[in-house]
Amino acid sequence: MMTLKLGRRALIATAVAALGFATPALADGHKVMDSIHFLIPGGAGGGWDGTARGTGEALTGAGLVGSASYENMSGGGGGKAIGYLIENADSNHGTLMVNSTPIVIRSLTGVFPHNFRDLTLVSGTIGDYAAIVVGKDSPINSMADLVAAYDADPSATAIGGGSVPGGMDHLVAAMVMEAAGKDALGVKYIPYDAGGKAMAALLSGEIAALSTGFSEAVDLANAGEVKIIGVTSDERVDAAPDAMTMKEQGIDTSFVNWRGFFAAPGLPDDKLAMYQDAIAKMYETPEWEEVRARNGWVNIHNSGDDFRAFLEAQETVIGDLMKKLGFL
């Protein structure tokens, strides 16, 4: 069995530690901060975009933050936004950058020179499963169909994703195909900058399937644009109860991608505490639950030192796996 999580035990331990560290009081509508500016390292329509905008929606809707603004800054697999935040640290104390598992993967592979240690760690917030989807009119209806198409013509059965080669979407596609008994390194992967462009390639037939975040897959499926043929959860997810897991289809693999927030290096302690307080209180609001349920996210809350321990554990797990698959 191949499992890429943060290590289930590590995930549970950090979640429990986070609850013991700071169990949030019920939000009473008291405003914690006047404003937050969200820096999004990818284009519109991707998982980072949805996470930042959903978090801003919940924080402002619950009255915890007065206003939220958003800035999409694509480039360098996320490295452009990270570099910008570091290079302009003094003027970015009102900015939160969303990121996820790729900040670990891309620093390991040298896509950019920075890693999470170069930033102020604010809080891990959610987990999102991965999914494999095909176009609504595709003859492929299951993972078995996709594997059969791959067996018939590997070069014509490309899988796309919204991340660089060796990035998370690529890694998930390789893991799934290896668990299905195929050569992970033989999978033809085509990268796109953000989920929206990858979706366009799927609909045009440039790729046979798309490796993407589950929440993005749910949105696309609800819009009638794709069919979800496999989810990397252990059990079916309420947001898409008809979507089969990989395990149900005999592919013994699972994966969950965390998402969370970082700030510029040197952020004053009082400002960091305000960010963390607002996010902690957010979990107890109906506004957050509506956003979370709509996207099929899993709550994974860890702040400060717990967040750092969480990331360091994932760095070890992913590094070992990427070496095994030949990405490092």
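This is a predicted model: local features need pLDDT of at least 70, side-chain atom pairs count only at pLDDT 80 or more; totals for chains, interfaces and linings use all residues.
Contact here means heavy atoms within 4.5 Å. Numbering runs from 1 along each chain as its sequence is written, and side-chain values use heavy atoms, with hydrogens and water left out.

**The cores**
- A nonpolar core is a set of buried Ala, Val, Leu, Ile, Met, Phe, Trp, Tyr and Cys residues joined through side-chain atoms within 4.5 Å, with buried meaning under 20% relative accessible area (1.4 Å probe, protein chains only).
- The largest one has 29 residues, and Met143 is among those touching the most other members, as are Ile132 and Ile229.
- β5 (120–135), α5 (143–152), α6 (168–179) and α11 (304–325) each put in at least two residues; helices (H or I, at least four residues) and strands (E, at least two) are DSSP runs, numbered from the N terminus.
- α6 gives the largest share of this core, eight residues.
- A second, separate core has 28 residues, including Leu64, Val65, Val98 and Trp288.

**Around α2**
- Helix α2 (residues 47–61) reaches 21 Å between its first and last C-alpha, close to the 21 Å expected at 1.5 Å times one less than its number of residues.
- Its buried residues include Trp48, Asp49 and Leu59.
- Just after α2, Gly63 takes a positive phi of about 80°.

**The histidine 30 loop**
- Histidine 30 sits in the loop between α1 (8–21) and β2 (33–40).
- Histidine 30 and glycine 63 are 33 residues apart in sequence but 6.6 Å apart C-alpha to C-alpha.
- Not counting residues up to four places away in sequence, histidine 30 touches Gly63 and Leu64.

Note on methods: Buried means under 20% relative accessible area, exposed over 50%, partly exposed in between (1.4 Å probe, protein chains only).
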